Amino acid sequence: MVKERARILVVGGGYVGMYTALRLQRRLKRELGRGAAGITVVSPDPYMTYQPFLPEAAAGAISPRHVVVPLRRVLDRCHVVIGEATRIDHAERTATVSTLATGEKGTEGQRITYDELVLAPGSVSRTLPIPGLADHAIGFKTVEEAIGLRNHVLEQMDIASSTRDPALRDAALTFVFVGGGYAGVEALGELEDMARYAARYYHNIRPEDMKWILVEASGRILPEVGEEMGRYTVTELRRRNIDVRLETRLESCADRVAVLSDGSRFPTRTVVWTAGVKPHPVLAATDLPLNGRGRLKCTAELAVDGTAHAWAAGDAAAVPDVTAREPGRECAPNAQHALRQARVLGDNVVHSLRGEPLETYAHKYAGSVASLGLHKGVAQVYGRKLKGYPAWFMHRTYHLSRVPTFNRKARVAAEWTLAGLFKREVVSLGSLEHPRAEFELAAGGKPSQDPPHNPKGSS
């Protein structure tokens, strides 16, 4: 039994935040029922995005609404606040949260007091001061970005099909992806596969007319699947006429021209930035200890090091890997660890409230799987290497088992089944970014060329 009323604040509604809150509301069911405990979840979105499915959503294999899980439905015993935590004063046990309501009023933010703090804000895209990057590039971390990129690629094919200007056509059919990790390789593989299929419906576009370029600063891609599978991935991509540039950096994309460090210049209307992530900015606005990379220093019990009543996991936390042979090694910030850390974190918060011993987080890395498009993939699981169809099938099976809620599992499985029976959908809905444009024109106004103000770029 909890000794006294506990107010638990969970910052972040992503993988770790949602699963930790779900674990807490199950373990504290009695306490929540009689008011002895309360759980508040602060999230910038009313849903959790299952990011491993973003490439398939971009390719049209999965509906966007099935890639996300509504927080209020899953966390029905929690108080969900849609907003961004901007400052945390753990010494005073308070968090300042900016919500849509505070933004409308122009006030500083809502203050939330707590007894136990769980920090799981995740990460944000790590960008560099590259000319033109902020003006022309698009990321690949949110479902809005994934669907926007799908619409953009199909729109570029429409532009190329309808123009007689060879320079405009070439730029429209050139797609540059920066970053050879999971996000970049999987997004490139799925979208190239989709565009290759869509080309059959254009009378004047062939798959060979499109240029797909992958730029990676290091000497290998997909390091998580091992060096051998990484080399196979490069060979497979090049066999599909994808230009893989290793040990190469993007130096500029100003004026819609991608300039690479090897001297190459590609006029392009599409630059996708997937070159790494960094800790969420809210971590720097706390009084909690951070390591040199800006992540929270944590113990193997997922408590913030040297700080009582503060916990963390996922991308925001530097958690020691107790299963590693090398001392000082930390757990990789990936979904495999995040899911398991959330369970231990939720249990340890309950143990702490009840005065029980804490559990140590220990998980030996099992391996990785990656999709390279329909029926294509690579995998290295428990030392076994797979490629082609078996790896792709394992990728789908693993992530179907991990996507939250039976509701989403059933819907994703149904969509995959239907996709095997019918043709791909290759329709661009780019006008969704300007939903009022047609009405404004009909009403006598001038349609806006920019979408409504939204930090995530969605309409």
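Which helices and strands cover the buried residues of helix H10? The cover includes helix H9 (182-198) and the strands S12 (211-215), S13 (242-245), S22 (367-373), S23 (376-381) and S24 (384-387). Contact here means heavy atoms within 4.5 Å. Helices (H or I, at least four residues) and strands (E, at least two) are DSSP runs numbered from the N terminus.

This is a predicted model, in which local features need pLDDT of at least 70 and side-chain atom pairs count only at pLDDT 80 or more, while totals for chains, interfaces and linings use all residues. Residues are numbered from 1 along each chain as its sequence is written, and side-chain values use heavy atoms, with hydrogens and water left out.

The table sets out two helices; the expected span is 1.5 Å times one less than the number of residues.

| Helix | Residues | Length | Span, first to last C-alpha | Expected span |
|---|---|---|---|---|
| H10 | 227-239 | 13 residues | 18 Å | 18 Å |
| H1 | 15-27 | 13 residues | 18 Å | 18 Å |

In H10, the buried residues (under 20% relative accessible area, with exposed over 50% and partly exposed in between; 1.4 Å probe, protein chains only) are Met-229, Gly-230, Tyr-232, Thr-233, Val-234, Glu-236 and Leu-237. An α-helix has 3.6 residues a turn, so residues three or four places apart point the same way. After H10 comes Asn-241, with a positive phi near 70°.

H1 is mostly covered, with ten of its 13 residues buried. Among them are Tyr-15, Met-18, Tyr-19, Leu-22 and Gln-25.

Strands count as paired if DSSP finds at least two bridges between them. S22 and S23 pair in the antiparallel sense over six bridges, and Ser-368 stands opposite Gln-380 in S23. These two strands form a hairpin with two residues between them, and His-375 in the turn has a positive phi of about 65°.

S23 is also joined to S24, antiparallel, by four bridges; Val-381 has Arg-384 in S24 as its bridge partner. The hairpin of S23 and S24 has two residues between the strands, and Tyr-382 takes a positive phi near 50° there.

**A nonpolar surface patch**

Leu-418, Leu-421 and Phe-422 form a nonpolar patch on the surface, with about 360 Å² of accessible area together. Leu-418 lies in helix H13 (residues 406-421). Leu-418 counts as partly exposed because its relative accessibility is 47%. Patches are made of residues with over 30% relative accessible area and no salt bridge, joining like charges within 9 Å and nonpolar side chains (Val, Leu, Ile, Met, Phe, Trp, Tyr) within 5 Å. A salt bridge is a side-chain nitrogen of Lys or Arg within 4 Å of a carboxyl oxygen of Asp or Glu. Accessible areas come from the Shrake-Rupley method with a 1.4 Å probe, and for residues only the protein chains shown count as cover.
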